[in-house]
Amino acid sequence: MSNIYQGLLSEAKQILEKESLNKDEKLLAVCTLLHNEVKHYDWVGFYFAVPEERVLHLGPYCGPETDHTVIPYGKGICGQVAVSNETFLVEDVMAQDNYIACSMTVKSEIVVPLFVNGANIGQIDIDSNTINAFTADDQKFLEELNVEIAKLYN
């Protein structure tokens, strides 16, 4: 993982450890950090699972407003991750049949599941206005970040 991402992971850990912030405030601060510090992270947010309804609900996010506050399992990239339990890196959203367009400016997306005690409770979702914006380095960073975020739910 690059030095930039190692530094961001360290900053995110500091945010997550702040006792003066509640869980949503911590998540929003992490979203803001990533949105402000990574040029190709144009929208950063969390979706959380409601398993009994088989939907995801939008949590804290940073970036343009979205109409997608509830996403059914299996629908779009986020909904697919809710079912597959695997990171989904999309180089070109227009090449995806099951893509839910949040904005015409979004060109690529990465969604990383958030596991707590082995259960997928949600995900971090990042959109980029740059095609093929995400790399294996982004994936490793976000997966490690979610390990830290999961500690909020233990």
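Setting aside neighbours within four places in sequence, Val112 is in contact (heavy atoms within 4.5 Å) with Thr87, Gly122, Gln123, Ile124, Leu142, Glu143 and Asn146. This is a predicted model, in which local features need pLDDT of at least 70 and side-chain atom pairs count only at pLDDT 80 or more, while totals for chains, interfaces and linings use all residues. Residues are numbered from 1 along each chain as its sequence is written, and side-chain values use heavy atoms, with hydrogens and water left out.

Val112 sits in strand S5; helices (H or I, at least four residues) and strands (E, at least two) are DSSP runs, numbered from the N terminus. With a relative accessibility of 1%, Val112 counts as buried, where buried means under 20% relative accessible area, exposed over 50% and partly exposed in between (1.4 Å probe, protein chains only). Cys62 is 50 residues away from Val112 along the chain, and their C-alpha atoms are 16 Å apart. The rest of S5 is mostly covered too, with eight of its nine residues buried.

On the pairing side (at least two DSSP bridges between two strands), S5 runs antiparallel to strand S4 (residues 88-90), joined by three bridges, and Val90 stands opposite Glu109. S5 also pairs with S6, again antiparallel, over nine bridges; here Val111 faces Asp125. Two residues separate S5 and S6 in a hairpin, and Asn117 in the turn has a positive phi of about 50 degrees.

Now for the packing. Phe141 touches Met1, Tyr5, Leu8, Leu9, Leu34 and Tyr41, not counting residues up to four places away in sequence.

Helix H3 (residues 76-84) has Gly76, Ile77, Cys78, Gly79, Val81 and Ala82 buried. Their cover includes S1, strand S2 (55-62), strand S3 (70-72), S4, S5 and S6. Just after H3, Asn85 adopts a positive phi of about 60 degrees.

Asp138 is buried yet has no salt bridge, the nearest side chain of opposite charge being Lys140, 13 Å away; Lys and Arg count as positive and Asp and Glu as negative, with His and the chain ends not counted. A polar atom of the Asp138 side chain does lie 2.8 Å from the backbone nitrogen of Thr135. Beyond four places in sequence, Asp138 is in contact with Tyr5, His40, Tyr41 and Ala133.

Salt bridges (a side-chain nitrogen of Lys or Arg within 4 Å of a carboxyl oxygen of Asp or Glu) come to two. One links Lys140 to Glu144, with the closest N and O atoms 2.7 Å apart; both residues lie in H4, four residues apart, about one turn of the helix. Lys140 is partly exposed at 40% relative accessible area, and Glu144 is partly exposed at 28%. Glu148 and Lys151 also meet in a salt bridge (3.0 Å, N to O), and Glu148, at 17% relative accessibility, counts as buried.

How values were computed: A polar contact is a pair of N or O atoms within 3.5 Å; within protein, one must be able to donate a hydrogen and the other to accept it, and residues adjacent in sequence count only if both atoms are side-chain atoms.
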